[in-house]
Amino acid sequence: MIVLKSQREIDRMRAACCIVAEVLDGLRALVRPGATTFDLEQFAAAKALKRNAKCAFRGYNNYPSSLCCSPNNQVVHGLPNKDLLKSGDILSLDFGVVYDGFYGDAAITVPVGDVSEVAKKLILTTEESLYAAIEMAVPGNRLGDISFAVQKHVESKGYSVVRDFVGHGIGRSLHEDPQIPNYGLPGKGVKLKPGMVLAIEPMINEKSHEVEVLNDNWTVVTCDGGLSAHFEHTVAITENGPEILTRIC
Ligand code: MF3
Ligand code: CO
């Protein structure tokens, strides 16, 4: 069942999402060679606390951290640690909060120092695929139009869409219906309506789409060791088109 949100509820979600955007913006500025993902975790938790928001991920299915930090061949759900980031790494950061009863969820992938051309192109293509998907988030389109927009863009550049993890509806729960695969067929799936709020999150691999979960039961990595990138926005579908809620306000 897809829960539609009223304009007032979307206003409340915007407040939660704005905190997420502010935290990710701060994190982006902290990513550099010699920093650790543990530092980033601490920054995110402190900033959320300051905004009276609760970190959404800590304790969710027993996830042990507030922030997901997934470098290089890690796809999603990487755990913060005290390893030093080094020039040439790429780092995906996924963060969510609950504030005034509503969740916000977003992710970015950032280069650490100087990165390879393929790393730059993978990051750019993944972000572009998110915006291509968001453009399709208008009333009357179907869910498959969003999914297909990601897949088409990514595959045209020779990269692969992760299939084992998907985007999701979001609201009073972190994960609501519908599931949003990053591959699919245009014109298929549920019709999009004003009041739907979707966390659209392409997870894109440099090489094969295949992924596996490490023994920590969280960290998802590419099977072939290739790079992976991840971008996510929480987006409201309105009469006037898509509104990206995870923006600084
Ligand atoms: N953006 C991810 C998601 O929507 C983050 C979840 S991490 C978890 O599932 F720990 F909360 F599972
Ligand atoms: Co999400």
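His233, Val235 and Ile237 point one way from β14, while Thr234, Ala236 and Thr238 point the other way, and all are buried. Buried here means under 20% relative accessible area, with over 50% counted as exposed and values in between as partly exposed (1.4 Å probe, protein chains only). Strands are DSSP runs of E with at least two residues, and helices are runs of H or I with at least four, numbered from the N terminus. In a regular strand the side chains alternate between the two faces of the sheet. Strand β14 covers residues 233-238, and six of its six residues are buried, so the strand is largely enclosed by the rest of the structure.

This is a predicted model, in which local features need pLDDT of at least 70 and side-chain atom pairs count only at pLDDT 80 or more, whereas totals for chains, interfaces and linings use all residues. Residues are numbered from 1 along each chain as its sequence is written, chains are lettered from A and ligands numbered from 1 in the order in which they are written, and side-chain values use heavy atoms, with hydrogens and water left out.

Which strands pair with β14? β9 pairs with β14 in the antiparallel sense over four bridges, and strand β15 (residues 241-244) also pairs with β14 in the antiparallel sense over four bridges. Two strands count as paired if DSSP finds at least two bridges between them. Leu198 has Val235 of β14 as its bridge partner, and Ile237 has Pro242 of β15. A hairpin of two residues joins β14 to β15.

Asn182 lies in the loop between β8 (176-180) and β9 (197-200). Asn182 is buried, with a relative accessible area of 1%. Its side chain reaches the backbone oxygen of Glu201 at 3.1 Å. A polar contact is a pair of N or O atoms within 3.5 Å; within protein, one must be able to donate a hydrogen and the other to accept it, and residues adjacent in sequence count only if both atoms are side-chain atoms. Beyond four places in sequence, the residues that Asn182 touches (heavy atoms within 4.5 Å) include Phe165, Glu201, Pro202 and Met203.

Ser160, in strand β6 (residues 160-161), is buried with a relative accessible area of 16%. A polar atom of the Ser160 side chain lies 2.4 Å from the backbone oxygen of Lys207. Among the contacts of Ser160 beyond four places in sequence are Val154, Met203, Lys207 and His209.

In soluble globular proteins, nonpolar side chains tend to be buried together. A nonpolar core is a set of buried Ala, Val, Leu, Ile, Met, Phe, Trp, Tyr and Cys residues joined through side-chain atoms within 4.5 Å. The largest such core has 51 residues, of which Leu91, Leu93, Phe95, Ile146 and Ile200 touch the most other members. Apart from this core lies another, of 17 residues, among them Ile10, Met13, Ala56 and Tyr63.

The structure holds one aromatic pair. The rings of Tyr63 and Trp218 have centres 4.9 Å apart and planes at 85 degrees, so the pair is edge-to-face. Rings of Phe, Tyr and Trp (its six-membered ring) pair if their centres lie within 6.5 Å; planes under 30 degrees apart count as stacked, over 60 as edge-to-face and the rest as tilted. Tyr63 is in the loop between β1 (54-55) and β2 (67-71) and Trp218 in the loop between β11 (211-213) and β12 (220-222), so the pair ties together parts 155 residues apart in sequence.
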